[in-house]
Amino acid sequence: MKTKILSTSEYDIALAGEILAKGGLVAFPTETVYGLGADALNEEAVKKIYAAKGRPGDNPLIVHISEREEIIPLVKEVTPKAKALTEAFFPGPLTVILPKSKKVGNVVSGGLDTVAVRMPENETARRLIKAAGCPVAAPSANTSGLPSPTKAKYVIDDMSGKIDAIIDGGDCKFGVESTVITLAGDTPTILRPGAITKEMIEAVIGRVEVAKAVLEGMGKDEVAASPGMKYKHYAPKAQVVIVDADKKVYEDFVNARKNAFALCFEGDEITVPKVTYGKENDDLSQARELFDALRRLDEMGAKKVYARIPHTTGVGMAVYNRLIRAAAFKIIDLRKPFFIGLTGPTGAGKGYVSRYLSKIGFHILDSDKYVRKTYENNPGLLKRLAEEFGNDILVNGMLDRKRLAQIAFSSKENTEKLNRIVHPEVIALCEKEAKPLSVLDASQLFEAGAQEKCYKIISVIADWKTRLKRIIKRDGITKEQALARMNAQFDEEYYIKNSDFVIYNNGEDIEIQIKKIMEEIL
């Protein structure tokens, strides 16, 4: 198929309208992104949209109209709230979902009993709909899953040879798709955020909810009630990872990455190759530039991209919604005190993993060393321990750690007493010295409740007999004393269930396991 490239002249708009009326496909500009249009009431024409985009058939389309009253034949009823919203925001970047009329087929609605309708603000779009003489179904004019196009050149890249015509109407105003709100349930609910914010809508119709899937992704069996709800969407060919951190921490983290690209804000001091998407405190500029920035990263040959996280309020919610899907929900949380929590039952070989992580550049916080610091520099703590476990744990005012261990590990109750007294002091001390990419090396990580302070948790485990031999040899203690320590900890299944990653130290190659984990985390 030869794709015509058209202008916004009267002649070309009339030609494009004729193509739509005859069942063809035309890409056209809107104020949000470029749309790929077909006659919404022609099921065979609508099927061509799905084929051209490679779009899943269960992903509903938005029906575009040129006048407010054109919504009436498409829905069962224009409810009072729908009327209020259309009067306030039509034309504009808002899509309203209502129960559909019999005129609307199953293909355009993705098999649902509702229809999504909007009236674009863009004059070229409305002129085209009028010229076609029919409502126009139109998702974004890109290959399904890729960033939505806000410039005609990206439509041409994706759609040439697949559709009848493309109208070049310049750059889009907002840069992210319309806000989608469903009025088909008991409570108005935003399914996709956009330039019309929750606060703007609530000023017109009162309380509005935001669907959980907007910021967290769809549930396992959840049906997409709106475009843009799929798990991975808007994604470039590069792998995108969002970095949740303040400006300085983000800069330091990204600049230390090899063979990486940055997707950052204007003014960020980045030394690796970068593409900016707006200004830090200007959500509209971020929305306008995000999709173009993702496209440019592909043009630059980026393979791995670390993106600075936007705000999640106002229009920032729309930016975050698109970016989180472009990243397939991969986020590195550098706001947690500890990047990795490293733990495992005693004798499993956690120390080897800790040394390896130190060698490749991580900042290791060895909790055992901080326990010693706590005992040496905290007379009040020693007094509390003596009150609980007896004065004979002190020798010349200094702690006899072996004696304390004998008593503390003699029963589960004593172990829990020790943990309640010591753990808060140790974790607080570790937090003071934490840096980006800190590893909290702590055999008592879970007992201390420190897992909530870690971005990811790695547990090192080994079989029971191997651990027993290691502990006896390492600590110079009896078999009975070693068993007491082992029995005071969680079992292997607990570590597996509560960790993000598990390293098996039963003769397997540990370094290969660590490298695979680091590739996924970083």
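Q: How many bridges join strand β17 (residues 338-343) to β21, and how do the two strands run?
A: Two strands pair if DSSP finds at least two bridges between them, and here strand β17 (residues 338-343) is joined to β21 by 3 bridges, the two running parallel. Strands (E, at least two residues) and helices (H or I, at least four) are DSSP runs numbered from the N terminus. Within this structure, G341 is the residue that stands opposite L440 in β21.

Q: What should I keep in mind about the model itself?
A: This is a predicted model, in which local features need pLDDT of at least 70 and side-chain atom pairs count only at pLDDT 80 or more, while totals for chains, interfaces and linings use all residues. Residues are numbered from 1 along each chain as its sequence is written, and side-chain values use heavy atoms, with hydrogens and water left out.

Q: Which strand do 4 bridges join to β21?
A: Strand β18 (residues 363-366) is joined to β21 by 4 bridges, and these two strands run parallel. H363 stands opposite S438 in β21.

Q: Which residues of strand β21 (residues 438-441) point one way, and which the other way?
A: In a regular strand the side chains alternate between the two faces of the sheet. In strand β21 (residues 438-441), S438 and L440 point one way and V439 and D441 the other way, and all are buried, where buried means under 20% relative accessible area, exposed over 50% and partly exposed in between (1.4 Å probe, protein chains only).

Q: What does the side chain of S367 reach?
A: A polar contact is a pair of N or O atoms within 3.5 Å; within protein, one must be able to donate a hydrogen and the other to accept it, and residues adjacent in sequence count only if both atoms are side-chain atoms. The side chain of S367 reaches the backbone oxygen of D441 at 2.8 Å. S367 lies in helix α12 (residues 367-377), and S367 is buried because its relative accessible area is 12%. Contact means heavy atoms within 4.5 Å; leaving aside neighbours within four places in sequence, S367 is in contact with V426, L440, D441, A442 and S443.

Q: How many aromatic pairs does the count come to?
A: Rings of Phe, Tyr and Trp (its six-membered ring) pair if their centres lie within 6.5 Å, with planes under 30 degrees apart counted as stacked, over 60 as edge-to-face and the rest as tilted. By this rule the count comes to 9 aromatic pairs. The ring centres of F253 and Y306 are 5.4 Å apart and their planes stand at 90°, so this pair is edge-to-face. The pair links distant parts of the chain, with F253 in helix α8 (residues 247-255) and Y306 in strand β15 (residues 304-308), 53 residues apart. Both F253 and Y306 are buried. Ring pairs also link F446, F490, Y494 and Y495 into a cluster.

Q: Where does the charged end of R257 sit?
A: A charge sits over a ring if NZ of Lys or CZ of Arg is within 6 Å of the ring centre and within 35 degrees of the ring normal. The charged end of R257 sits over the ring of F253, 4.5 Å from its centre, and the charged end of K456 sits over the ring of Y455, 5.1 Å from its centre.

Q: Where is the place of P193?
A: P193 is in the loop between β10 (189-192) and α6 (198-205), and P193 counts as buried because its relative accessibility is 5%. Leaving aside neighbours within four places in sequence, P193 is in contact with several residues, among them E177, V214 and R322.
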